[in-house]
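I opened my notebook to record what I looked up in this structure. The entries follow in the order in which I made them.

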Amino acid sequence: MAEGGHYDIVILGGGSGGYACALRAAEFGKRVALIEKDKVGGTCLHRGCIPTKALLHAAEVADSSRESGKFGVRTAFEGIEMPAVLSYQQGVVERLWKGLQGTLAGRKVDMIYGDGRLASPTSVTVNGATYTGDHVVLATGSEPRSLPGLALDGERIISSDDALLLDRVPSSVIILGGGVIGVEFASVWRSFGAAVTIVEMAPQLLPLEDEGSAKVLQRVFRRRGIGFELGAPFQSVSYTDTGVAVTLGNGKQLEAELLLVAVGRGPVSAGLGYEENGVAVTRGFVEVNALCQTPVPTISAVGDLVAIPGTAHPQLAHVGFAEGIMVAERLGGLDPRPIDYDGVPRITYSEPEVASVGITAVQAEQRGISVVEVNYPLGGNGKSVILGTQGQAKVIAEAPSVPGGQPGRVLGVHLVGSRVGELIAEAQLIFNWDAEPDDVAALIHPHPTQSEIIGEAHLALAGKPLHFHA
Ligand SMILES: Cc1cc2nc3c(=O)[nH]c(=O)nc-3n(C[C@H](O)[C@H](O)[C@H](O)COP(=O)(O)OP(=O)(O)OC[C@H]3O[C@@H](n4cnc5c(N)ncnc54)[C@H](O)[C@@H]3O)c2cc1C
């Protein structure tokens, strides 16, 4: 391990944003120091995307074994052995972690392990050593947050970090927050046999998603026995003999073994020397412009840590990757384009999955754009019927500029149903390449696949529906 020294770029934080920046900068021949206080890979690899998706896969296997009779296959679901699930999950994480360490070493990125602090606009101190850089990239990420007066105890009132370490299936759980993380844990625990209730202040689950997608999700969750209280603010929690009792603003009281608090994630920036060195910090978030520059010319910031005034900045691993790459390319002398955050694909990996890219019809209206939309039900799609999933593909596009004309640019694709997350990659190409429904209608989708729902919805929008009746 290096003991202090000078680098082209010093990166503080080795999560998705920080390590992507390091890998891309190394491709330009930059000397890079990547400073990490815990494990490289950060939240996504160790406490986020990867371990939760492993749990969701185990949940899918549990559901398949329970429901196999529907397909004429005799199996018996005997239960969940949580230590074995955790060991499968850990195996996945370790394998990817090893691979990442190898890739960073292969690109000659110097890993510095320890708690770093910004000491000046061009230096970071770690374990008493100083690492200077022509440029410093802040990428210290985020951590679970709670509500005022709601203290996490790690045992009965837990965060997603604690939930991932739980070595048993709880008999019952209340989940505070019906966003992506809350909905994914609800899906896993229900498949594992727990009684689950989600409490959400907004009038729908996944408040940032299309209302129609949320309605389908809610319908399927209800059928799966997942309870939810919508438009219900949290008021207080107390301990009972066996768990917790939660009181809601609407007067209802719920009891369960555990309360998972999934009300969002706050930035990791306190005490790290950011403000002292001229970086603008608002409610803990580092403010950057569309190119991830802070007001200090030698300091950039990426990932969950940042806020871009006037833009809804999603806390997603692939946003961190994209920002890290963009900063590396800027420092490497290229002229990268700012990220279009509307064009970032979003997936909730529950059963059913919810996936989207672009904007909703409501957002289009707020921006003064008139739209046309098509809602293609998965019931008309052969592969979805084979899988036994329900859902829909909604595509919205600019309304034709002349009566009877073709719709303009596709503005949003909103999918819900089993496995639809994989389809959003095609939808993001459509959105980000400014395609019109007629362009997509001309492309052949393989039969029988779920990808046909994308083709069918665009065929219908272009005025030539195939397997579609409104
Ligand atoms: C339960 C859960 C599920 C998720 N699922 C998904 C998903 O499916 N898809 C998706 O796109 N996103 C998902 N996310 C979000 C994703 O994990 C984050 O958006 C992503 O990790 C952000 O990357 P980052 O580099 O900004 O921050 P982080 O990944 O948080 O990395 C920051 C790193 O900085 C280090 N650090 C902090 N302070 C210091 C310091 N002072 N010195 C040295 N090192 C420091 C930390 O140890 C950490 O490794 C999920 C998150 C959670 C919690």
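**Entry 1: the ligand shell**

I sorted the residues of the shell around the ligand and got 11 nonpolar, 18 polar and nine charged. For this I counted Ala, Val, Leu, Ile, Met, Phe, Trp, Tyr, Cys and Pro as nonpolar, Asp, Glu, Lys and Arg as charged, and the others, Gly among them, as polar. I noted that the model is predicted: local features need pLDDT of at least 70, side-chain atom pairs count only at pLDDT 80 or more, and totals for chains, interfaces and linings use all residues. Residues are numbered from 1 along each chain as its sequence is written, and side-chain values use heavy atoms, with hydrogens and water left out.

Which residues come nearest to the ligand? Of the 38 around it, I wrote down Glu 36, Thr 43, Lys 53, Asp 304 and Ala 317. A residue is near a molecule if one of its heavy atoms lies within 4 Å of it.

I then checked which elements build the shell. Helix 1 (16-27), strand 2 (32-36), helix 2 (42-47), helix 3 (49-67) and helix 8 (317-331) each supply at least two residues. Helix 2 gives the largest share, four residues. Helices (H or I, at least four residues) and strands (E, at least two) are DSSP runs, numbered from the N terminus.

I looked for polar contacts, meaning pairs of N or O atoms within 3.5 Å. A backbone N or O atom of Cys 44 lies 3.2 Å from a ligand oxygen atom. For a backbone N or O atom of Gln 315, the distance to a ligand oxygen is 3.5 Å. His 318 uses its side chain: an N or O atom there is 3.2 Å from an oxygen of the ligand. On its own the ligand has 990 Å² of accessible area, and the protein covers 95% of that. These areas come from the Shrake-Rupley method with a 1.4 Å probe.

**Entry 2: the cores**

How many residues does the largest nonpolar core have? I found 35, and Ile 175, Phe 185, Trp 189, Ile 198, Phe 221 and Leu 260 have the most contacts inside it. Such a core is a set of buried Ala, Val, Leu, Ile, Met, Phe, Trp, Tyr and Cys residues joined through side-chain atoms within 4.5 Å. Buried means under 20% relative accessible area, exposed over 50%, and partly exposed in between (1.4 Å probe, protein chains only). Helix 4 (82-106), strand 9 (172-176) and helix 7 (211-224) are among the elements that each supply at least two residues of this core. Helix 6 gives the most, five residues.

Leaving aside neighbours within four places in sequence, its contacts (heavy atoms within 4.5 Å) include Ile 158, Val 173, Phe 185 and Trp 189. A second, separate core has 28 residues, including Leu 12, Ile 35, Leu 138 and Ile 299.

**Entry 3: backbone details**

I found a cis peptide bond between Glu 351 and Pro 352, with omega about 5°. Pro 352 sits in the loop between strand 21 (346-348) and strand 22. The bond from His 447 to Pro 448 is also cis, with omega near -5°.

Is Lys 108 buried or exposed? Lys 108 counts as exposed, because its relative accessibility is 69%. Its phi is near 65°, a positive value in a residue other than glycine.

Definitions and conventions: A polar contact is a pair of N or O atoms within 3.5 Å; within protein, one must be able to donate a hydrogen and the other to accept it, and residues adjacent in sequence count only if both atoms are side-chain atoms.
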